Amino acid sequence: MANPHVFERKNVYKDLDFSFKSLALTRDLGTKSDTNAINQSVKNLVMTNFGERPFHPEIGSDVNALLFEPASSISFSALEDAIETVLNNFEPRISLRDVRVDDNGIDENRIFVRITYVFIEKDETVDTEIILERAR
């Protein structure tokens, strides 16, 4: 006999949607949950420079600085290492599997990054892509 007082949580993680779009009916800020919330967190960690977060100058990566290095296998390897380091240190909800930097968009001043990780709570493998662009 099933216990009627036991509830299963559908959403494990919930966060604000940083696009700050309001919901049409309630005019509240939108939210992201589970995999979408973690994808947003991963992208924010990758794009954060050291010292940008108040009271936590240790959170960040050198990704933005590496975008201005000459395109070579050495700079792409340094970019992969910087992404792996920040995610392993500051995102405990995932288990990082792979980080790949694709230089196909280098002619358009873009670098495509594919991050593969396991969402630990749900044992789900997730691929997410980030497009890194140099700000001019």
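Biologist: Which residues does Thr128 touch, not counting residues up to four places away in sequence?

Modeller: This is a predicted model, in which local features need pLDDT of at least 70, side-chain atom pairs count only at pLDDT 80 or more, and totals for chains, interfaces and linings use all residues. Residues are numbered from 1 along each chain as its sequence is written, and side-chain values use heavy atoms, with hydrogens and water left out. Contact means heavy atoms within 4.5 Å. With residues up to four places away set aside, Thr128 touches Asn39, Lys43, Val113, Arg114, Ile115 and Tyr117.

Biologist: Is Thr128 buried or exposed?

Modeller: Buried means under 20% relative accessible area, exposed over 50%, and partly exposed in between (1.4 Å probe, protein chains only). Thr128 has 5% relative accessibility, so Thr128 counts as buried.

Biologist: Is Thr125 buried or exposed?

Modeller: Thr125 is found in strand β5, residues 124-133; strands (E, at least two residues) are DSSP runs, numbered from the N terminus. The relative accessible area of Thr125 is 57%, so Thr125 is exposed.

Biologist: Which residues is Thr125 in contact with, leaving aside its neighbours within four places in sequence?

Modeller: Arg97 lies 28 residues from Thr125 in sequence and 8.9 Å away in space, C-alpha to C-alpha. Once neighbours within four places are left aside, the contacts of Thr125 are Thr116, Tyr117 and Val118.

Biologist: How many salt bridges are there?

Modeller: Side chains of opposite charge can pair when their charged atoms come close. The rule asks for a side-chain nitrogen of Lys or Arg within 4 Å of a carboxyl oxygen of Asp or Glu. By this rule the count of salt bridges is four.

Biologist: Which residue forms a salt bridge with Arg114?

Modeller: The closest N and O atoms of this salt bridge are 3.3 Å apart, and the partner of Arg114 is Glu129. The pair links distant parts of the chain, 15 residues apart, with Arg114 in strand β4 and Glu129 in strand β5.

Biologist: Which side chain meets Arg110 in a salt bridge?

Modeller: The N to O distance is 3.0 Å, and the side chain that meets Arg110 is that of Glu133. This pair also links distant parts of the chain, 23 residues apart: Arg110 in strand β4 (residues 110-119) and Glu133 in strand β5. Arg110 is partly exposed at 32%; likewise partly exposed, at 45%, is Glu133.

Biologist: With which residue does Asp98 form a salt bridge?

Modeller: Asp98 has 27% relative accessibility and therefore counts as partly exposed. The closest N and O atoms are 3.2 Å apart, and the partner of Asp98 is Arg100.

Note on methods
Helix = DSSP H or I, 4+ residues; strand = E, 2+ residues; numbered from the N terminus.
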